[in-house]
Amino acid sequence: DQQSLGLGTCLSASAGLLVAGGPSRNSSAGSLPPQASSHGRGDGAVVLWRWSAPRGSWELSASMTGTRALEAVGKQDAAGEGMQFGRSVAISSDWLFVGAPGMNAGVGGVFVFRQSSLGRWSLDRLLEPTAPVTSASLVPRFGWAVALDGDAGAVGAPGPPRGSVTA
């Protein structure tokens, strides 16, 4: 069921697009919705829908998984259990931020996707914290929260020693 998968943990909508994050979704499964992992914590996934005015309903537009996003940036080793891809999502215009605060053992990251003029989404870049992590007890969880307004974005990282926001 969708509740145990975490789909809808976070939502964002803009200009006829709706995105839902599912940080507990197991991205190793190929179907929608993916199955929950045996530990209840998968790599995560996000699902996008586009509003169809003629039909008066939301239609599946795209889905992305944490595993595939890591493969796209060549960082497959950064996943680990509990990557939480989709813990936070923000969409605005042609941009989509997807937070993965569990990536790299809790250091975290934000995947930035861009929509082409043909309506296809592709990974534009991976944002990671710039300050070095000096201790396992000081992981920032970069990407716990994300926000977008047009082309401007912000990333929240609530980890110790004190939380931070990067814009």
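Four strands make up an open sheet, ordered β5-β6-β7-β8, with antiparallel pairing. At its edges lie β5, residues 88-92, and β8, residues 121-127; each of these pairs on one side only. On average, neighbouring strands in this sheet are turned by 20° against each other, direction ignored. The model is a predicted one.

Strand β7 covers residues 110-115 and is joined to β8 by six bridges. The two strands run antiparallel.

Strand β9 spans residues 145-149, and strand β10 spans residues 152-157. Five bridges join them, and they run antiparallel.

Now move back to the loop between β2, residues 17-22, and β3, residues 45-52. D43 lies in this loop. Is D43 buried or exposed? Its relative accessible area is 16%, and buried means under 20%, so D43 counts as buried. The side chain of D43 also has a partner: a polar contact of 2.5 Å joins it to the side chain of T67.

Confidence deserves a check here. For residues 27-41, pLDDT stays under 50. The model has 28 contacts beyond four places in sequence for this stretch. Where pLDDT is low, the predicted coordinates should not be read in detail. Over the protein, pLDDT averages 81, and 79% of the residues score at least 70.

Step back to the whole chain. The protein has three helices and eleven strands. Along the sequence they follow the pattern α-β-β-β-β-α-β-β-α-β-β-β-β-β. Of the 167 residues, 45% are buried. Among contacts with a separation of 6 or more, 45% are between residues 24 or more positions apart. The accessible surface comes to about 8,500 Å², and carbon and sulfur atoms hold 50% of it.

Notes
Residues are numbered from 1 along each chain as its sequence is written. This is a predicted model: local features need pLDDT of at least 70, side-chain atom pairs count only at pLDDT 80 or more; totals for chains, interfaces and linings use all residues. Side-chain values use heavy atoms; hydrogens and water are left out. Two strands pair if DSSP finds at least two bridges between them. Axes are lines fitted to C-alpha atoms, for helices over the stretch in contact, and angles run from 0 to 180 degrees between N-to-C directions. Buried means under 20% relative accessible area, exposed over 50%, partly exposed in between (1.4 Å probe, protein chains only). A polar contact is a pair of N or O atoms within 3.5 Å; within protein, one must be able to donate a hydrogen and the other to accept it, and residues adjacent in sequence count only if both atoms are side-chain atoms. pLDDT is the predictor's confidence in each residue, from 0 to 100. Contact means heavy atoms within 4.5 Å. Accessible areas come from the Shrake-Rupley method with a 1.4 Å probe; for residues, only the protein chains shown count as cover.
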